[in-house]
Structure formats: structure tokens, C-alpha cells
Amino acid sequence: MELIEICKRAKEVKTQIAALSTNQKNAALLAAADKLTQQWETLIAANEIDMEIGKKNGMPEGLLDRLKINETRIEQMSEGLRQIAKLDDPIGEVLSMKKRPNELMIGKKRVPLGVIGIIYESRPNVTADAFGLCFKTGNVVILRGGKDAIHSNQAIVTCIQEALEEQNLPKEAISFITDTSHETAREFMHMNCYVDVLIPRGGAGLIRTVVENATIPVIETGTGNCHIFVDESADFTMACDIIVNAKTQRIGVCNACESLLVHKNIVETFIPVLEKRLAEKNVEIRADEEIQKVSVPEALIIPAVEEDWGTEYLDYKISAKTVASLEEAIVHINRYNTGHSDAIITNNYMNAEKFLDEVDAAAVYVNASTRFTDGFEFGFGAEIGISTQKLHARGPMGLEALTSTKYIIYGNGQVRP
């Protein structure tokens, strides 16, 4: 189907989707969750085609991990839809109602955004998450995934559309653009007469391309150069556990730790302990001179260059730098981070509060892994992406981030003098 026909059909059904009751939406979400679970063999078979192509093309391990579907991840996708069905429906919520001197009652009410376009890369789970969140908020979604996951994404969309039709709902509530060419992607970015909002989700290059070329309003999701600062009062065991988790639990995700800062007063004692833990996971450390001097033999050390401080590796690599103070750590983070997620490991309450107040990021942690920046972990059921901008939405984007508002006014015959 041609792009313009997909967009036209999406716009045609948006009023119908916006008018669905909460019960209708929840029933469809549960049906879609069941369908994904029932069709797990079909989904894995489609994914195996993408995985094989990815391996042949030399796709990095971190990106292959993003691409992979297995029974556990299918169940996670299904559970995400079930969790969204359990959440309160924000649509129709009246946020305020005030009486004016002329007795007009002026209120503000949550409404859907309309037709949401999402351009994303090799993350098949985004397909299910995007549908669930958009559908629960009465939005229609048009998806344009990357060629690396084309078979996986198409299989997921087909399952969801079958579930919608079984609920006597229009399958166009979710549409998928099968043409993965750059030309079609750019054409999609100009469909502002049909699409109300565009959300890019992927690497820095994709996001920059969408922001620079779209005529549709864009909600910008960001890459993740996430930092962990180990303060001089930190518990070493806690710090090592958090860093190893944030770096290695999944390397190809935007909330993985990429940059480490260590207070100079603990470099000699902390770094050898941490390096032994990271060596067990084969993590390469791009270290400054101070850290190189105290490194243990088993550590995988490479001298850091300026470029390392701002790099999102998505690999078993981490930059490591010594700082003289909390203030220096904050300055460094605010210079090199991507506004995603940053953490401090400390037992000093005042330092923790200063870090929370002054680090400019969507999510700021004290004594916890950055891997928790996630819609499911935040109780949103899933997420449409992690917004690193400051307008409309910031951080994991759940249901409320996919709504707008409109004013509702009640009168009894008032005319303006």
C-alpha cells in the first residue's frame, strides 16, 4: 500500500478510535496480548530471518541483542499490553474547571493527539509498546521501522491487526510502512496534513534526520550517554554492583551506563576493585591517566581521548575519568551527557541532593542503576520512548505524554460585550 493511502486511512479512523470507551480499548489490548502469545512461533520464525540477515551484515552484538525476539521477550511484550490495559485511562479527564465572573465555566480536558507517526530502528518490542500506549490514549499509530527488523515488525503488526478485527475494530488503528527506503521515510516526515505528531526512536543519526527534516511536530527522544559518579563516601560493593548492572545487564539500550566518574580520593582503592568486576564481563575501560596508574593487570585498559567522554558505545566499553569534586562531576556530566539518565553513588545526603538538583537530565538517580529508566519499571506499562527534550514530555513517555488538552466551556447564553 502506498504511503499516502496508509496516512489517509489512518486519519479516516482517528475519530472512531478517539471515541472508543475504556472497556473497548482494554478488551482490544488484552486480545492483542493473547494473540502475540498464541503466535509466538510465527513471531520467532520471522525474527530469525532478521537475525540471520543482521549477522551476515556484521551487525554489532549490542544491536543484535536489541533485535532478538524469544519466548521471554514475546511474553514481556504481551505483559506490557496487559499492564497498559490495567492502567487508568487518561482520556476524558477534566484537569480543571473554573467559574468566570460572567458565569462561564471554563475547564481543560485530556484528549488524544490524533494520528501519531513513529520512526524507529531495530527494536521489535517498540511495535507492540507503541500500539498499546497509542491505542489506550485513543490515538492511531503509523509505524515505520528499520529494514533490519522488517520481518519481525510486520509479523507483530499482523497479529495486532487480527486481534483488532476480531474485536470488530478497524485494523487501521495500527499501520505499518513496509517500504524502508530513505525516500519514503522523508516523504513520511512531510505528511503533516494527515499525521499530528512524529516521534523518532533510535540512534543519534535517525533522531537528527527527523528533527531537521520533518514538517510534522516532533517529540524528540534521545540517545543515552548515561553517567555514574562514584562519590568519595560511596559504598564500594554497592557502587560495583550498580555499575556492572548498568553497563552489562543489556549493552545495546539507551539507559546503559557509558561513562564513569570517580572521586580522586578513592581512585587508588576503588578502581582496582571495580576493574576486577568489569574484567569478569570483558568490559573495556577507556581511562584517564590517573585511573591507568592504579589499574590491575587483568583490566582491559585503553587510554581515553576527548571523544570518549561523549560517546554512547552500546558495547562492552565504558569511559572512566577522575574528578576532584562533586562540582567538577556535575559540570562534566552537564557538558557531555545527552540529557537521559545519570546517577550518583554516595552516602552523603547533601551531595545526593545537590546532584539531584543540578544535573540536567530526564532521570537522575541516587544509589541505583540507570537501567531503571524505562516505562515498565516506572509503572507506565510500557513507553513510547525516553524524551530528552523539555517541551510537552520528558523522560519515559507513558500514557499522559500521548495526550493533549482542549478547553471546554459551559455557558448559559453569554455574549461578549
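F135 is buried, at 1% relative accessibility (buried means under 20% relative accessible area, exposed over 50%, partly exposed in between, with a 1.4 Å probe and protein chains only). This is a predicted model, in which local features need pLDDT of at least 70 and side-chain atom pairs count only at pLDDT 80 or more, while totals for chains, interfaces and linings use all residues. Residues are numbered from 1 along each chain as its sequence is written, and side-chain values use heavy atoms, leaving out hydrogens and water.

**Aromatic pairs**

- The whole structure contains two aromatic pairs; rings of Phe, Tyr and Trp (its six-membered ring) pair if their centres lie within 6.5 Å, and planes under 30 degrees apart count as stacked, over 60 as edge-to-face and the rest as tilted.
- F131 and F135 make a stacked pair, at 5.2 Å centre to centre with 25° between the planes.
- Both F131 and F135 belong to helix α6 (residues 124–136), where they are four residues apart, about one turn of the helix; helices (H or I, at least four residues) are DSSP runs numbered from the N terminus.
- F131 is buried, with 0% relative accessibility.
- F236 and F270 form an edge-to-face pair, because their planes stand at 65° and their ring centres are 5.1 Å apart.
- This pair links distant parts of the chain, with F236 in helix α10 (residues 236–248) and F270 in helix α11 (residues 267–280), 34 residues apart.
- F236 is partly exposed at 25% relative accessibility, whereas F270 is buried at 0%.

**Nonpolar cores**

- A nonpolar core is a set of buried Ala, Val, Leu, Ile, Met, Phe, Trp, Tyr and Cys residues joined through side-chain atoms within 4.5 Å.
- The largest core has 73 residues, and I118, F135 and F188 have the most contacts inside it.
- Helix α7 (residues 150–166) supplies the largest share of this core, eight residues.
- A second, separate core has 29 residues, among them C257, F270, A287 and A320.
- Not counting residues up to four places away in sequence, F188 touches residues including L3, C7, I118, I142, R144 and I216 (contact means heavy atoms within 4.5 Å).

**Cysteines**

- The structure has zero disulfides, a disulfide being a pair of cysteine sulfur atoms within 2.5 Å.
- For C159, the closest cysteine sulfur is in C134, 18 Å away and therefore too far for a bond.
- C159 is buried, at 3% relative accessibility.
- For C193, the closest cysteine sulfur is in C7, at 7.8 Å, also too far for a bond.
- C193 is partly exposed, at 46% relative accessibility.

How values were computed
Helix = DSSP H or I, 4+ residues; strand = E, 2+ residues; numbered from the N terminus.
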